Amino acid sequence: MPRDGKNISLPQVQHALMTALHMDTLAAGSITSTLRPLCRKDGTFDLVDTRRHNVIEHDSSFTRLDFRQGDNYTFQPDMLQAMIDDADGGPVTLRSLAKTFIRRDKESRAAGAPRLPLNLWFVHILQAVSVMNTAQTDGILTKEVLEAVYAEERFPDLILNNPKPRTVFTQLGNALGMMRFVVFGP
């Protein structure tokens, strides 16, 4: 992958996901396919392009403000703390992610954001559990893992050195597990 974040190709992204994060071909391909709308005619995109609103970036993010609130790019430490607080002092789980999902939806609507279009609603669900799926840490995310991923924007060795395959099926299982708590209550 280009170190400057420019002229990234989809095959480079897919290879990086499979190599660094131990994703199987289907999982890496599924994530990579969401980047297609960002590609120029030469088949590349720049990392900054991922910020384009309503492509893969969307309102109701767990750690960033909504588009209407101005700066939807910058990590907000208080929003990460709110996610940790939703776990009631313990590690983040699918149950606490459901609390965060519900809370952020209410906050987003109160800030004037419209409902997400159906395609982004599904993206939002999958992104809500993406760190859980990528970490493969038995259904829990510690504060240290969350801070590394969100605040420092890096994957800690705990994730990188875990060879357990990340699959579409584990991602969907996590999404369904979280949605069970969203629908029936955390």
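This is a short tour of a predicted model, stop by stop. Local features are given where pLDDT is at least 70 and side-chain atom pairs only at pLDDT 80 or more, while totals for chains, interfaces and linings use all residues. Residues are numbered from 1 along each chain as its sequence is written, and side-chain values use heavy atoms, with hydrogens and water left out.

**Helix α3**

Select residues 77-85, which make up helix α3; helices are DSSP runs of H or I with at least four residues, numbered from the N terminus. M79, L80, A82, M83 and I84 are buried here, where buried means under 20% relative accessible area, exposed over 50% and partly exposed in between, with a 1.4 Å probe and protein chains only. Show α4 (94-110) and α7 (143-151) as well: the buried residues of α3 pack against both, contact meaning heavy atoms within 4.5 Å. D78 also lies in α3, but D78 is exposed, at 54% relative accessible area.

**Helix α7**

Stay on α7 and pick K143 and E147. They form a salt bridge whose closest N and O atoms are 4.0 Å apart; the term means a side-chain nitrogen of Lys or Arg within 4 Å of a carboxyl oxygen of Asp or Glu. Why are K143 and E147 about one helical turn apart? Because they are four residues apart in helix α7. K143 is partly exposed at 39%, and E147 is partly exposed at 29%.

**Around R40**

The whole structure has nine salt bridges. Next, select R40, D42, D46 and D49, which are linked in a network of salt bridges. R40 pairs with D42, with closest N and O atoms 4.0 Å apart, and with D49 at 3.7 Å. Which of these is buried or exposed? D42 is exposed at 54%, R40 is partly exposed at 33%, and D49 is buried at 18%.

**Helix α5**

Move to residues 118-128, helix α5, where F122 is found. L118, W121 and F122 make a nonpolar surface patch of about 320 Å². Patch residues have over 30% relative accessible area and no salt bridge; like charges are joined within 9 Å and nonpolar side chains (Val, Leu, Ile, Met, Phe, Trp, Tyr) within 5 Å. Areas come from the Shrake-Rupley method with a 1.4 Å probe, and for residues only the protein chains shown count as cover. W121 is partly exposed at 32%, as is F122 at 45%.

**R180 and F181**

Last, select R180 and F181. The charged end of R180 sits over the F181 ring, 4.4 Å from its centre; this requires NZ of Lys or CZ of Arg within 6 Å of the ring centre and within 35 degrees of the ring normal.

Notes: Helices (H or I, at least four residues) and strands (E, at least two) are DSSP runs, numbered from the N terminus.
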